[in-house]
Amino acid sequence: MNNYDSIINLPHYEPKRHPRMPMENRAAQFAPFSALEGHEEALKATAEQRLK
């Protein structure tokens, strides 16, 4: 008998007071900093310069 046999087929816990967090927000939760801070703004500035 495996240690987890008694719980392996139980339904996933669903909180009663709080709705589930959307996947988009969960991803943001685990990315507390941007490794390339300012990168997107630099790309936009470059694109604007090239369009002139």
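Colleague: What percentage of the residues of the protein chain count as buried?

Modeller: This is a predicted model, in which local features need pLDDT of at least 70, side-chain atom pairs count only at pLDDT 80 or more, and totals for chains, interfaces and linings use all residues. Residues are numbered from 1 along each chain as its sequence is written, and side-chain values use heavy atoms, without hydrogens and water. Buried means under 20% relative accessible area, exposed over 50%, and partly exposed in between (1.4 Å probe, protein chains only). Here, 0% of the 52 residues of the protein chain count as buried.

Colleague: How many helices and strands does the protein chain have?

Modeller: Helices (H or I, at least four residues) and strands (E, at least two) are DSSP runs, numbered from the N terminus. The protein chain has two helices and zero strands.

Colleague: How many salt bridges are counted?

Modeller: A salt bridge is a side-chain nitrogen of Lys or Arg within 4 Å of a carboxyl oxygen of Asp or Glu. The count is two. In one, the closest N and O atoms of Arg20 and Glu14 are 3.1 Å apart; Glu14 is partly exposed, at 45% relative accessibility. Another joins Glu40 and Lys44, at 3.8 Å from N to O.

Colleague: Where do Glu40 and Lys44 lie?

Modeller: Both belong to helix H2 (residues 39-51), four residues apart, about one turn of the helix. Glu40 and Lys44 are both exposed.

Colleague: Is Tyr4 buried or exposed?

Modeller: Tyr4 is exposed, its relative accessible area being 52%. Tyr4 lies in the segment before helix H1 (23-29).
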